[in-house]
Amino acid sequence: MKQNVENKWIAIYAIILGVAYVILGTVEFALGVYNLFSPIESVSLVGVSADIFGGFAAFVIGVTYLSAMPLLKGVRESLGFILVGTLLSTVYGVIYLLIVCADGLETLLTFLGGGAWTWEWLTSGSAGTGLLRPEIWLFFVSLPLAYLTLRKKERGRSQNDKS
Amino acid sequence: MMATIPLAMLQENCEAVIVEVRGGMGLTRRLAEIGFTNGTRVKVLHSAPPGPMLVMVRGSRIALGKGVAMKIMVNPVEGI
Amino acid sequence: MEKIRVALIGNPNVGKSQVFNNLTGGRAHVGNWPGKTVEKKEGVCVHKGVEMQIIDLPGTYSLTARSIDELVARDFIVEEKPDIVIDIVDTSNLERNLYLTFQLLELEANIIIALNKQDVAKSLGYEIDAKELSKLLGVPVISTIATEKIGMEELKDAVIEAAKVKEKRREHTISYGKPYDEIILKIASILQKDKELSNKYPVRWLAIKILESDEEVLKLVSKSPVYEEMKLQLSEAKKILEEDVDTALAEKRYSIISEVILPKVFKGTRPLTLTDLLDKALLSKYLGIPIFLALWWALFRFTFDVSAPFQDLTHMLFSKLGEIANSHISDPQLASFVADGIFGGLGAVLTFLFPIFFLFLGLALLEDSGYLARAAFVMDRIMYKLGLHGRSFIPMLIGFGCNVPAIMATRTIDREEDRILTILVNPLMSCSARLPIYLLIASTVLGPYAAAGVYSMYILGIVLAILMALLFRRTIPYFKGKPSPLILELPLYAVPTMKSTLVHMWERGSLFLKKAGTIIFLGVIVVWLLSSYPWEAVHQGDTVVLENSYIATLGRFLEPIFRPLGFNWMAVVALFFGFIAKEIVVGTFATFFGLEESSEDLPTALRSSGTFTPLTGLAFMAFSLIYIPCIATIGVIYRETGSWKWTIFTVMYELTLAYVVAFIIVTFGRLIGFT
């Protein structure tokens, strides 16, 4: 049935995102812990920042997506996990974007106060690696998934209303 | 076969009809006002003891602590 | 202009505030119901030449005498007799909402039903026949979608129409069947004989309440001349009736709703909703709490990091103003007063205002979307084990921003013992004002471990709060016993509207601003005074010699108490001013070194003054976390608990705990070999 094929693709999409977030989260968390106990200044790895709580959050988002695996078998309720996953992706994506903007604003203020202007805020700052922060990119990646899942939910419902 | 069990023991996605609400007058009244009255049909949406459970009653979703759910006696309904 | 009074009432989550905002344009006068801690919101709406005074009653499921909210609402309707009561009913939840409607009908209030959230019902696949409902209940029913302002004009028209019908009492009886109807009639006719009583209150309602053993009504009627007669009739009746009269009556109301009304007005089916789908994940046994923690962290990031530039902006602004004052005012004392005192004070207040508003914005989004109730649900299990009510966690969460609104938020906890316990441990939640203290001390003496030091303070606070809650539960008789059980409605998820969220944020934020803001401002002035005088002794030439000021005298006086902890007089003074507002602690240090608060040299200056070693620094951080809540918080604790006893208890236990913990840190550290 067409429905089942669609389900499958959505599920795979979600699983890929899930794995990505889980890996991201683990690395961020590990880097964060390392930073905490080593006397060396902040370490970050190829755009991935050291962030204990942020890493935890990313990990949780990943697990949420992965929880939708039953969808492969056709369990419709798993759609809920995907939706929540995309919601969380959006929350974090938007917040990190906002933080980058806030950093930009700060730079502007320093500049207006007589300091030098730098573009540092785009790649480093309060949100770790600024625009390079993976959560921001993953957020954009999650948008089509969100759309597909919502559409699936609507379609699924109108089919079920034969009761 | 109709066995009366506490709501707390009802499985997720199962439905039942309330037979009796035990407990002090305050609690019974409070539950009655929210819609838990004898003869009302309820459906368990979420159940993960020892945490609270989520129940659909008269069109609304009500979270009940385990202690409360133990005091509502129900007859499970066959099928979903 | 003709003036009428309109009360708004309804279940929680029905969109009452939205209707209120639509009618009044969002301009509300917020205060308190006299003698109660319940909030009272009033506004004005002018329509077709009529001025409507809109009073927002607390959201309740019923009108018994059991909770303050219900009593306030009921008393208002019975005693003040508003011209119209708008009963806002959630169409997507009709049965339960009609329960309150029935209570209002019995109260013989002049009601109009606003059948709200029509859009939600439709999206769920059903509709309610408003005309039929109106016919059955005998009152006007207006369909509305408050979030889109649909139906508002019709509602206002209906209010004016209904107000013209001057009889403020409607005769509408709900039959409870035998033997209740007879008994109610008998009791009512007895009460009828007391003209004073029957002119003021609907006697049938009184009779029903008496049967339900309603405390307030019984108290009222006990003063009546017909009391004895009524009591006789009542005991006769009790012999025939079942034990649980009030439950029986509640059931009867519901059976009328579901068997008589619902079949005639409900059209459609009820399928699986988006809400249930989302709840699968958000309430999941394993993911529920982690997701909550992830969202909580996001809220934090939003509150602190996104508001940072705005904070700096205010800081810059006020420094500039200070400079201008200094250069333009000739008299040095006045200049200092204006620059350091006034502008310094305003700056201090407004700076921390941004995180607060951002926090409230975030919370408003979480609440209006419906998620917050889910959070209470998943946290309930843990809260219960800790001896706290499930709903305690929201005030705890807010406490990380500021304890003042956090303690105000405990009002949603119905049982007083649970509420007070939550209030008592709330100040241990490290509020945002303490962060500058941690940052300063940590960067001064903890070097590369600064971040760890700051994190540990937050964790320390949480751990202590848990320990204290458990301790109080076990040892203080007042708190003995388990927290009251959770009965909480989880509303449907909804996308919050921009306007309502902002209004929500503004309401809470401005209230806090008025209260805490004034105190902090005054506090800074006091600091300025004590640190600038005696003027000549302090200002010798171009330098500021703080050791000669009144503050210093005070510090030295208190120093001996704190010597075991390793705090010198400067630290003591800073702590002393932290009592007024925690924000001032850093400012006090800055003043000591003649520096700006935000100056980068402050940590250096502090380090070279040798005030703190890493060990004593850590102890100081812990002490400032625990010792006493700022004066604004103390004020709120008094207001919310209504008793000096609890307020003083909080201050005492915290001072003791702070000393003990700091002492342990210092002693333990010295034992291991730190200085």
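Colleague: Which residues lie on one side of strand S5(B), which lie on the other, and what makes both faces count as covered?

Modeller: In this predicted model, Ser60(B), Ile62(B) and Leu64(B) lie on one side of S5(B), Arg61(B) and Ala63(B) lie on the other, and all of these residues are buried. In a regular strand the side chains alternate between the two faces of the sheet. A residue is called buried if 20 or more other C-beta atoms lie within 10 Å of its own, and 5 of the 5 residues of S5(B) are buried, so the strand is described as mostly covered.

Colleague: How do you know that S4(B) and S5(B) pair, and which way do they run?

Modeller: Pairing requires at least two bridges between the strands; S4(B) and S5(B) are joined by 5 bridges and run antiparallel, so they count as a pair. One of the residues concerned is Met56(B), whose bridge partner in S5(B) is Arg61(B). The two strands form a hairpin with 2 residues between them, and in that turn Arg58(B) has a positive phi of about 50°.

Colleague: What joins S5(B) to chain C, and how many bridges are there?

Modeller: S5 of chain B, residues 60–64, is joined to S10(C) by 4 bridges, and the two strands run antiparallel. With at least two bridges as the requirement, they therefore pair across the two chains. Within this pairing, Ile62(B) stands opposite Glu489(C) in S10(C).

Colleague: How many residues of chain C and of chain B are in contact, and which elements of chain C contribute?

Modeller: On the side of chain C there are 26 residues, in contact with 27 residues of chain B. The elements of chain C that give two or more residues to this side are helix H3 (94–106), helix H12 (245–265), helix H13 (274–282), helix H17 (371–385) and S10. The largest share, 5 residues, comes from H12(C). By class, this side of chain C has 12 nonpolar, 3 polar and 11 charged residues.

Colleague: Which pair of chains has the most contacts, and where do the residues of chain A come from?

Modeller: Among the 2 pairs of chains that touch, chains A and C have the most contacts. That contact takes 32 residues from chain A and 27 residues from chain C. In chain A, helix H2 (52–66), helix H3 (79–112) and helix H5 (134–160) each supply at least two residues of the side that touches chain C, and H3(A) gives the largest share, 15 residues. By class, this side of chain A has 20 nonpolar, 7 polar and 5 charged residues.

Colleague: How far apart are the nearest C-alpha atoms of chain A and chain B?

Modeller: The nearest C-alpha atoms of chain A and chain B are 12 Å apart, and these two chains do not touch.

Colleague: What makes the radius of gyration of chain B agree with a compact globule?

Modeller: For 80 residues, a compact globule would have a radius of gyration near 12 Å, and chain B has 11 Å, which agrees. The C-alpha atoms of chain B fill a box of roughly 35 × 25 × 20 Å along the principal axes, and buried residues make up 54% of the chain. Along the sequence, chain B follows the pattern β-β-α-β-β-β-α-β. Its average pLDDT is 83, and 92% of the residues score at least 70.

Colleague: Why is Phe479(C) called partly exposed?

Modeller: Phe479(C) has 18 other C-beta atoms within 10 Å; a buried residue needs 20 or more and an exposed one has 12 or fewer, so Phe479(C) falls in between. Phe479(C) is placed in the loop between helix H22 (450–475) and strand S10 (487–490) of chain C. Leaving aside residues up to four places away in sequence, Phe479(C) touches Glu417(C), Leu421(C), Phe472(C) and Arg473(C). The C-alpha atoms of Phe479(C) and Ile420(C) are separated by 9.0 Å, although these residues are 59 residues apart along the chain.

Note on methods. Residues numbered from 1 in each chain as written. Chains lettered and ligands numbered in written order. Contact = placed C-beta atoms within 7 Å. Nonpolar A, V, L, I, M, F, W, Y, C, P; charged D, E, K, R; others polar. Rg over C-alpha atoms; globule rule 2.2 N^0.38 Å. pLDDT = per-residue confidence, 0-100.
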